[in-house]
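Morning, everyone. Please have the sequence and the structure open while I talk.

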Amino acid sequence: MRRIVIVGASACGSSAAATLRDEGFDGGIVLIGEEPTPPYERPPLSKEYLRGEQTLERAYMRPLDWYGEHDIDTRFGVRATGIDTDAHRVALDRGGEVPYDSLLIATGIRNRQLDVPGAELPGVLGLRTAADADLIRETAQNASRAAVVGMGFIGAEVAASLRAMGVEVTVVEFFETALFRVLGADLGRVVEAIHRAQGVDMRFGEGVEVFEGDERVRSVMTSSGGRIDCDFAVVGVGTIPNAELAQAGGIACDKGVLVDATLRTSDPNVFAAGDVANHDHPLFGRMRVEHFDNAVKMGSTAARNILGAEEVFDDVHWFWSDQYDANLQMAGFAPAYDQVVVRGEFGGSAFSVFFLNGDGAVLQVFGLNRPRDVRRSMPLIRAATRVDPKALADEAVDLRTLVT
Amino acid sequence: MAEFVTVGRADEVAEGEMKVFKIDGYAVAVANVGGTLHAFQDECTHQTCSLGEGDVEGDSVVCLCHNAEFDIRSGEPISGPATVPVPIFEVREENGALQVSL
């Protein structure tokens, strides 16, 4: 019997397992994951789950019973420690090995740690897992002041949730505004204004020099010499792909696990997907994406390709972020662009922005409380053909009619 | 089987459009796909957004909050973050009246 092993019991891993069964694969499926829980959605960890509005069970990718019903051999709470690509075996931390015919690496990412004095102090927290979210929630419930280090998506969403929980928030961010690396300065300032209106104190262009405190963190000293008193700190300053397992197995890695457009690694029997996969996108080139929707879709494509589909992963990459009453969405990818078109009033409570290349094709769209614009633009990004900028800006025009 | 309840006029839901109706406080979305009516729970099973404020795409309804996509005929999730089907209901046009059976 053919056996497919998935390392990473995550959104990506569970999506792959489900697709394998949906496609009629009736061989063995082994799903290995470090966390004791079945795969769950991580997006609520900074939002509904963090605020205690939603149980973890509600965020499960599939009910616990689903795995047994679909004959998935689950190894939750088990870590894969090695891959032998010659013998086709995965070694486990509990001892023993699991043989595979095809292997999917969906090991995801981990948080980058700040290398400053005091970073190990109790009360200096990060967010990746449900257990991390539990610790932040329990800490916040007995605290009044938080320092949030980093104003990327984790920092911005955690800051919003902490404000909703009645915690005072001071942000320390290295760049000049919120979400700078993803949204750029102009859109970042729109998000910054949303947080300012909610009473978040933001210190931009600053790093952390030291976390101070005896038994636990009591303050953060910033690079300009400022001191932020706090009861706890949440650090969200980037990630590191968990590529070591693949690398040690002799699989080509560079800023993640290298895969081709069909998500196959340098080893023909090994695929990689999700946050860890540095993939060759037909529209955007080489990239590694750390978003939920991408993880789910990549898992599905990898599963079909393990079964021989040879499908190119060409999803246009879409993500959302909810902060207070603001729903941010973005689709596409535009590291460089020639023209910007705004639909609605830039900086208002609801507007969208299109990023076009020199040929007038839409590369990327951002929507603040305009999810319909983002959704309806995705076929435009996929088509990659010239669009009339006047029509994009005209709110009376249905974006669906612009697809050629 | 529950009785059909008149929620409005059938011509209130134009082709390709959706509209939300309340039945005893419970919100039901009705979609018109190529002249065929479909009724389903308005609340998305992912994070409770309104499906009726979403988009109809072919035989799918898409929740625009987080792009959960459901088969409009069966309520089964097709893609996106939702994994729980959305409840569907019988719907009919009776002498110009739009009727739903919960």
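Two strands count as paired if DSSP finds at least two bridges between them. Keep that in mind, and keep in mind that this is a predicted model.

Let's start in chain B. Look at B:V61: it stands opposite B:F70 in β7(B). The two strands make a hairpin with four residues between them. In the turn, B:N67 has a positive phi of about 60°.

Now the next partner of β7(B). Two bridges join β7(B) to β8(B), residues 77-79, and these strands run antiparallel. B:E69 has B:S79 as its bridge partner in β8(B). This is a hairpin too, with five residues between the strands. Here B:G75 takes a positive phi near 80°.

On to the cysteines. How many disulfides are there over all chains? The count comes to one. B:C49 and B:C65 form the disulfide, with their sulfur atoms 2.1 Å apart. The angle about the S-S bond is -100°, and the link is left-handed. The pair links distant parts of the chain, 16 residues apart. B:C49 lies in the loop between β4 (36-41) and β5 (55-57) of chain B. B:C65 lies in the loop between β6 (60-63) and β7 (68-71) of chain B.

Buried or exposed? B:C49 has 16% relative accessibility, so it counts as buried. B:C65, at a relative accessible area of 22%, is partly exposed.

And chain A? A:C230 is buried, with a relative accessible area of 1%.

Staying in chain A, find the five-stranded sheet. The sheet is open, its order is β3-β2-β1-β7-β19, and the pairing is parallel. β3 (72-76) and β19 (270-272) of chain A are the edge strands, each pairing on one side only. From one strand to the next, the twist averages 15°. Helix α1 of chain A, residues 11-22, packs on this sheet. α1 touches β1 (3-7), β2 (28-33), β3 and β7 of chain A. Its direction makes about 160° with that of β1(A).

β7(A), residues 102-105, is joined to β19(A) by three bridges, and the two run parallel. A:L104 has A:F271 as its bridge partner there.

Chain A has another open sheet, with three strands in the order β18-β20-β21 and mixed pairing. Its edge strands are β18 (257-258) and β21 (285-287) of chain A. β20(A), residues 277-281, pairs with β21(A) in the antiparallel sense over three bridges. A:H281 stands opposite A:G285 in β21(A).

Last stop, helix α3 of chain A, residues 130-141. The helix has 12 residues and reaches 16 Å from its first C-alpha to its last, close to the 16 Å expected. Which residues of α3(A) are buried? A:A130, A:A133, A:I136, A:R137, A:T139 and A:A140. Note the arginine in that list, A:R137. The cover over these residues includes β9 (124-125), α4 (153-164) and β16 (232-235) of chain A.

Definitions and conventions:
Residues numbered from 1 in each chain as written. Chains lettered and ligands numbered in written order. Predicted model: local features only at pLDDT ≥ 70, side-chain atom pairs only at ≥ 80, totals over all residues. Heavy atoms only, no water. Axes fitted to C-alpha atoms, helices over the stretch in contact; angles between N-to-C directions. Contact = heavy atoms within 4.5 Å. Disulfide = S-S within 2.5 Å. Buried < 20%, exposed > 50% of the residue type's maximum accessible area, 1.4 Å probe, protein only. Expected span 1.5 Å × (residues − 1).
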